[in-house]
Amino acid sequence: RVFKALVCTGTPRISSPLVNKAFHGPRLVVQGQFPVVSGAQHHLVVTHLSHGQEMITALQAEAAAEAIGLALAIKPSDPEAQFMLAQAQQLPLIISKLREAKNHELSRRYKSALSLYDEIQKLAPNTPGLDALRAQAQSNLTDDNVTQYISDGFVALDENRFEDAKR
């Protein structure tokens with residue numbers, strides 16, 4: 001089943017003989033055919049997309065793609081579902097980069113971790129927890145730098161390089 005939609009100043013209206021008689025003139029912008037989605041089907045689409053978003057947030061790529069795929073089976077042209085499917089399809093790459101960044105952090109290579117977090121930010125800016133991960137890596141880098149400066153200062157003092165120790 002399809003219905004014709006008349007878009008008039010951004011407001012869709014269902015076409016029928018009554019509407020056609022009542023609606024005429026230059027206000028008609030677009031006329032097209034769109035699949036009809038019943039109220040129950042719409043509820044299912046919303047439910048599947050909600051579950052898909054939860055799975056994206058939980059970084060569960062397969063479960064997210066499955067839920068979004070169910071929504072697309074009902075409403076294939078849904079732009080939100082298509083966008084979410086693209087996000088779900090990127091999750092394996094995002095997860096891989098998150099793991100790699102965490103490995104760099106564990107090895108105290110904070111600059112490398114921050115670089116990966118920047119890549120992730122460009123690929124998927126809404127990655128859950130990314131801001132906190134970046135902040136922690138930056139904090140660790142700062143702490144390491146301070147520790148290194150203090151250590152360098154004590155070495156300089158031990159070697160009687162007082163001017164170097166002041167820096």
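Me: Quick recap before I start: buried means under 20% relative accessible area, exposed means over 50%, and partly exposed is what lies in between. On that scale, is Lys-102 buried, partly exposed or exposed?

Reply: Lys-102 is partly exposed, since its relative accessible area is 35%. Bear in mind that this is a predicted model.

Me: How many salt bridges does a search of the whole structure find?

Reply: The search finds four. One of them joins Glu-119 and Lys-97 at 2.7 Å, N to O. Glu-119 belongs to helix 5 (residues 110-123) and Lys-97 to helix 4, so this pair ties together parts 22 residues apart in sequence.

Me: How does Lys-97 count in terms of relative accessibility?

Reply: Lys-97 counts as buried, at 15% relative accessibility.

Me: What about Asp-118, which residue does its side chain meet?

Reply: Asp-118 forms a salt bridge with Arg-134, at 2.3 Å from N to O. The pair links distant parts of the chain, with Asp-118 in helix 5 and Arg-134 in helix 6 (residues 130-158), 16 residues apart. Asp-118 is partly exposed at 31%, and Arg-134 is partly exposed at 27%.

Me: Changing topic to packing. At what angle do the axes of helix 3 and helix 4 cross?

Reply: Roughly 160°, and the axes of helix 3 (residues 61-74) and helix 4 (residues 79-106) come within 9 Å. Angles over 145 degrees count as roughly antiparallel, so helix 3 is roughly antiparallel to helix 4. The crossing is left-handed.

Me: Which residues make that contact?

Reply: From helix 3, they include Ala-61, Ile-68 and Leu-72, and from helix 4, Met-84, Leu-85 and Pro-92 are among them. By class, the contact has 11 nonpolar residues, one polar and no charged.

Me: And how do helix 2 and helix 3 pack?

Reply: Helix 2 (residues 39-57) packs on helix 3 at about 160°, with the axes 8 Å apart. That makes helix 2 roughly antiparallel to helix 3, and helix 2 passes helix 3 in a left-handed crossing.

How values were computed. Residues numbered from 1 in each chain as written. Predicted model: local features only at pLDDT ≥ 70, side-chain atom pairs only at ≥ 80, totals over all residues. Heavy atoms only, no water. Axes fitted to C-alpha atoms, helices over the stretch in contact; angles between N-to-C directions. Helix = DSSP H or I, 4+ residues; strand = E, 2+ residues; numbered from the N terminus. Parallel < 35°, antiparallel > 145°, perpendicular 65-115°, else oblique. Left-handed = near helix turned anticlockwise from the far one by under 90°. Contact = heavy atoms within 4.5 Å. Nonpolar A, V, L, I, M, F, W, Y, C, P; charged D, E, K, R; others polar. Buried < 20%, exposed > 50% of the residue type's maximum accessible area, 1.4 Å probe, protein only.
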